[in-house]
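Subject: Structure handover

Hello,

Please find the structure below, with its sequence. My notes on it come after.

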2 protein chains.
Amino acid sequence: MADWPATLDGARALDAADPLSAFRERFVIADPALIYLDGNSLGRLPRATAGRLATVVEEEWGERLVRGWGEGWFEAPQRIGGKLAGLLGATADEVVLADSTSVNLFKLALAALLARPERRVVVTDDLNFPSDLYVLESAARLAGGAVRVVPSADGIHGPVEALAAALDGDTALLSLSHTVFKSGYTYDMAALTAAAHRAGAPALWDLSHSAGAVAVDLNGAAADLAVGCTYKYLNGGPGAPAFLYVRRDLQAALANPISGWIGRRDPFDFALDYAPAPGIGRFLTGTPPILSLSAVEPGVEMLLEAGMERLRERSLRLSEYLIARWQARLEPLGFRLNSPRDPARRGSHVSLGHADGLRVNLALIHDQQVLPDFRRPDNIRLGIAPLYNTFADIHTAVERLRAVVVERLYERYDATGLLVT
Amino acid sequence: MADWPATLDGARALDAADPLSAFRERFVIADPALIYLDGNSLGRLPRATAGRLATVVEEEWGERLVRGWGEGWFEAPQRIGGKLAGLLGATADEVVLADSTSVNLFKLALAALLARPERRVVVTDDLNFPSDLYVLESAARLAGGAVRVVPSADGIHGPVEALAAALDGDTALLSLSHTVFKSGYTYDMAALTAAAHRAGAPALWDLSHSAGAVAVDLNGAAADLAVGCTYKYLNGGPGAPAFLYVRRDLQAALANPISGWIGRRDPFDFALDYAPAPGIGRFLTGTPPILSLSAVEPGVEMLLEAGMERLRERSLRLSEYLIARWQARLEPLGFRLNSPRDPARRGSHVSLGHADGLRVNLALIHDQQVLPDFRRPDNIRLGIAPLYNTFADIHTAVERLRAVVVERLYERYDATGLLVT
């Protein structure tokens, strides 16, 4: 990859040649001067979404009123989940949209624990999103079990061997973030799932930082369970409903531990006793959130149109280009690569460490019109959304990062984010 | 109330004289010929809501992107909850919007059970919304407890004395729907809460069928816990986020059993261990659903403007008028009043039973442009939303109900809802 172009014009030429570049126009770009590298936290607004939501609000809710439930609302979690399944290597009857990632993780982890009461331990790592650790702890406590957090040796790479060694006959569940939120390390899902299966335990993957940017093959990996959010690379909007996946052959054996009416067989019977719905629907709980669900659908449709393989390919090219630019322009200034160098083990964001990372990040946002995010202790996290980020974005962001340090712009900020007067 | 007018003109005169009638114009009324009596299932769309949502989507998400979290999104559950508290007799720091009613019920019921492990039984009744029974069963099972369902003697009135008798030193929680979904019976919250307290147990109220139409005084009743939905009389939209209430002095003693990052103190520390946020915020779990939350706010603001006492007064007048019209026009045709006659014990919907109720309801919807809903075995449930339903609505609906039976229009339908050919 020594032949990456060094100039902004070169970056623009790469954009011009890329078959996915046209998708950028299908997003609202309110401020073209802003370089947005935080699509791994909140994806941009697809142009189609505002119109779709207005239709649902004004025509469906406003005009059809409660009749909407019989005219497509009731099936929305399965309908949109079925489309999303196409991005995740799952079949349409294995994915639904529901609740938040945390609630879905709670439901599936606790379901797995309760299905195997003779096994007590949930195995995870310290790279997992902290909320996942809290929720796994909640679920384990209720089931009389415990969580074993395997540490990463370097804070960047997943502790693959230590995890495999931790899996044993007392393991009820292996639960990991497929792509970890800080370093962007991506696990080999098939290998870790196989390791869990060898120990007789199911594997539950949090796909929040993968879905829509990293090719995921849940069925190919024989993954048992998965959850994830839709507001990052899926562009579903702030706090959009999350998803959950349960492999088809496991659905009948697992009970939803929060058994609400929407997960019941024939909910409008209003019977006093619970009987689970057949299939993936049993993992639903409360009334589906129609407005926010409908905002998820256009983004998913657009990603399907682009195609997951092409998205991953573009994400990797953009990431490799970013790393090449880091090496040429930022490493000499003291920036470290806090993400894996191996593209096969990296998701779609790249974390750069710097001794003054927090202040550099503040200057980048406030003075340089570049919007990444920051994760302690020192990570400037650059998210690459393959549908709208460009080679030119990356070239410019790297040059502005350089300027912040060379021109010592970060010295205007203190560590609390305030301007130093 | 013998002096209710008998004519449609008389009903219109009542509307013209009512100080709240002007609020109807602040809702989208797409089809003025439709009599909508299902606001107890899904409230109408407030005119302000579409605009508010468009602002949040296009200006906040579209333009501010992830910065929105620092510009009001993060506080939305508390901000809107604080406003809603004003309709519920609670203080602003006792209510948040979160999750679905079922998930909130699960969280609070399980929190109460785990706080008192020496007590095992959740007491409820068979008038409760079935989903509440399923969820209470879920929570009780996890805590090693059980649910005791006290039957109503007549299927209409709450079994107040039997409930009081069921409360004892083994009671971990009393959990009831304040207004029950089928008959519209409304419990005396203060009296039942006091009965629970005498047994040493907290009371958890589901306010779904009360909030926004029945005056609720959570603090005045010394209620401990409450949940409810926002898509009925609060007009928050299909599947809108639910709310939960925890009395201030109980907040520190109860632990959220689904401990996600938004309920953590300083979630952006990303610490690996959970420490609950102070106050009501600890009962949050996942990322707040900003789009659907923002759709709840305009409806709540409008109800606050109308004032809960005036809303309840209007709801009662409309209900009493409906019952007077039933007595004059429908009782002679075999319609029964399946709701309490005492207005103090009735919420804001009235259920009318009829031997051919399901078919009558179908004819009403398909031939008569009246939209109530139906609850087995024979209830035609007429919801009265005091902000937009009118005396004229009720007069017309009763006459159309009459026509369906007198003209035998219902004979065109069979019990499955199909037209009889």
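This is a predicted model: local features need pLDDT of at least 70, side-chain atom pairs count only at pLDDT 80 or more; totals for chains, interfaces and linings use all residues.

Residues are numbered from 1 along each chain as its sequence is written, and chains are lettered from A and ligands numbered from 1 in the order in which they are written.

How the chains meet

Chain B superposes on chain A by a rotation of 180 degrees with 0.0 Å of shift along the axis, at an RMSD of 0.0 Å (least squares on the C-alpha atoms of residues with pLDDT of at least 70 in both copies). This is therefore the relation of a two-fold axis. Among the residues of chain B, Ser292(B) comes closest to the rotation axis, with its C-alpha at 2.9 Å.

The contact between the chains involves 65 residues from chain A and 64 residues from chain B (two residues are in contact if their C-beta atoms, placed from the backbone, lie within 7 Å). On the side of chain B that touches chain A, at least two residues each come from α2 (47-64), α4 (101-115), α5 (130-142), α9 (290-306) and β12 (373-375) of chain B. Helices (H or I, at least four residues) and strands (E, at least two) are DSSP runs, numbered from the N terminus. The largest share of that side, 9 residues, is from α2(B). By class, the side of chain B that touches chain A has 35 nonpolar, 17 polar and 12 charged residues; Ala, Val, Leu, Ile, Met, Phe, Trp, Tyr, Cys and Pro count as nonpolar, Asp, Glu, Lys and Arg as charged, and the others, Gly among them, as polar. Of the interface residues of chain B, 100% are also interface residues in chain A, so the copies meet through the same surface.

Domains of chain A

Chain A is divided into domain 1 (8-32 + 307-412) and domain 2 (50-305), with bounds that come from an automatic or database domain assignment. The C-alpha centres of the two domains of chain A lie 29 Å apart. Contact between them involves 22 residues of domain 1 and 17 residues of domain 2. On the domain 1 side, α10 (308-330) and β10 (349-353) of chain A are the elements that give two or more residues, and α10(A) gives the most, with 5 residues. That side of domain 1 has 8 nonpolar, 8 polar and 6 charged residues.

Sheets

In chain A, 7 strands form an open sheet of mixed pairing, in the order β2-β8-β7-β6-β5-β3-β4 (two strands pair if DSSP finds at least two bridges between them). Axes are lines fitted to C-alpha atoms, for helices over the stretch in contact, and angles run from 0 to 180 degrees between N-to-C directions.

In chain B, 4 strands form an open antiparallel sheet in the order β9-β10-β13-β12. Strands β10 (349-353) and β13 (379-383) of chain B run antiparallel and are joined by 5 bridges, where Ser351(B) has Arg381(B) as its bridge partner. Helix α11 (357-368) of chain B packs on this sheet, touching β10, β12 and β13 of chain B, and its direction makes about 45 degrees with that of β13(B).

Helix contacts

The axes of α4(A) and α5(A) come within 9 Å and cross at roughly 35 degrees. The residues of this contact divide into 10 nonpolar, 3 polar and 1 charged. In chain B, α2(B) and α9(B) pack at an angle of about 145 degrees, with their axes 9 Å apart. The residues that meet include Arg52(B) and Val56(B) in α2(B), and Ser294(B) and Glu297(B) in α9(B). The contact of α2(B) with α9(B) has 8 nonpolar, 3 polar and 2 charged residues.

Regards
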